[in-house]
Amino acid sequence: MSDSVRLVILINTLPGRGREQAEAFTRLAPAVRAEDGCLQYDLHEVSGDPDRFVLVEHWATREALAAHDVAPHMREADAANKAFRAGPVQVIELSGTPVA
């Protein structure tokens with residue numbers, strides 16, 4: 001059994017502001033991917049909707065995820081994201097074992 005944590009995060013931006021989300025992620029991703037315990041941190045645009053995104057995260061441990069959540073670059077990003085986000089993100093934690 002793995003102690004790793006996999007998250008899928010659904011993000012909606014204000015109409016026409018998806019490009020700002022993509023640009024902010026491009027700036028933030030290298031710092032996050034360099035964090036201890038980050039195994040995956042990838043943003044995908046929803047096909048056909050440039051204002052909706054899916055962020056896929058995989059962390060080695062819950063402790064690594066907790067440290068990520070309070071990292072200075074994440075606090076700054078969370079504050080800046082309010083300018084173009086349509087509201088809070090939806091965080092979905094996946095179970096550790098695939099169904100099939």
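**Notes on the predicted fold**

1. Reading from the N terminus, the protein's elements come in the order β-α-β-β-α-α-β. That is three helices and four strands. Keep in mind that we're looking at a predicted model here.

2. On overall dimensions: the radius of gyration is 14 Å, close to the 13 Å from the globule rule for 100 residues, so the protein is as compact as a globular protein of that length. The C-alpha trace spans about 40 × 35 × 20 Å along the principal axes.

3. Of the 100 residues in the protein, 32% are buried. And if you take the contacts with a sequence separation of 6 or more, 67% of them are between residues 24 or more positions apart.

4. Now the helix pair α1 and α3. Helix α1 covers residues 18–33 and helix α3 covers residues 72–81; their axes come within 11 Å and cross at roughly 165 degrees. Since anything over 145 degrees counts as roughly antiparallel, that makes α1 roughly antiparallel to α3. As for handedness, the α1 and α3 crossing is left-handed.

5. Which residues make that contact? On the α1 side they are Ala-24, Leu-28, Ala-31 and Val-32, and on the α3 side His-73, Met-74, Ala-77 and Asn-81. Sorted by type, the residues of the α1 contact with α3 come out as six nonpolar, two polar and no charged. If you're setting up a view of this helix pair, those are the side chains to display.

6. Also in helix α1 is Ala-29. Is Ala-29 buried or exposed? Its relative accessible area is 2%, and buried means under 20%, so Ala-29 is buried. Along the chain Ala-29 and Tyr-41 are twelve residues apart, and their C-alpha atoms are separated by 7.0 Å.

7. Over to helix α2, residues 62–69, where Ala-67 sits. Ala-67 has 45% relative accessibility and counts as partly exposed, whereas Ala-29 is buried. For a distance from here, take Gly-16: it is 51 residues from Ala-67 along the chain, with 32 Å between the two C-alpha atoms.

8. Last, a strand residue: His-44, in β2, which runs over residues 38–46. With a relative accessible area of 43%, His-44 is partly exposed. What does His-44 touch, once its neighbours within four places in sequence are left aside? The contacts of His-44 are then Arg-52, Phe-53, Val-54 and Val-56. Leu-14, for its part, is 30 residues from His-44 in sequence, and the C-alpha to C-alpha distance between them is 17 Å.

9. To recap the points I'd look at in the viewer: the left-handed crossing of α1 and α3, buried Ala-29 in α1, and the contacts of His-44, including Phe-53 and Val-54.

Terms used: Residues are numbered from 1 along each chain as its sequence is written. This is a predicted model: local features need pLDDT of at least 70, side-chain atom pairs count only at pLDDT 80 or more; totals for chains, interfaces and linings use all residues. Side-chain values use heavy atoms; hydrogens and water are left out. Axes are lines fitted to C-alpha atoms, for helices over the stretch in contact, and angles run from 0 to 180 degrees between N-to-C directions. Helices (H or I, at least four residues) and strands (E, at least two) are DSSP runs, numbered from the N terminus. Angles under 35 degrees count as roughly parallel, over 145 as roughly antiparallel, 65 to 115 as roughly perpendicular and the rest as oblique. A crossing is left-handed if the near helix is turned anticlockwise from the far one by less than a right angle, and right-handed if clockwise. Contact means heavy atoms within 4.5 Å. Ala, Val, Leu, Ile, Met, Phe, Trp, Tyr, Cys and Pro count as nonpolar, Asp, Glu, Lys and Arg as charged, and the others, Gly among them, as polar. The radius of gyration is taken over C-alpha atoms; the globule rule is 2.2 Å times the number of residues to the power 0.38. Buried means under 20% relative accessible area, exposed over 50%, partly exposed in between (1.4 Å probe, protein chains only).
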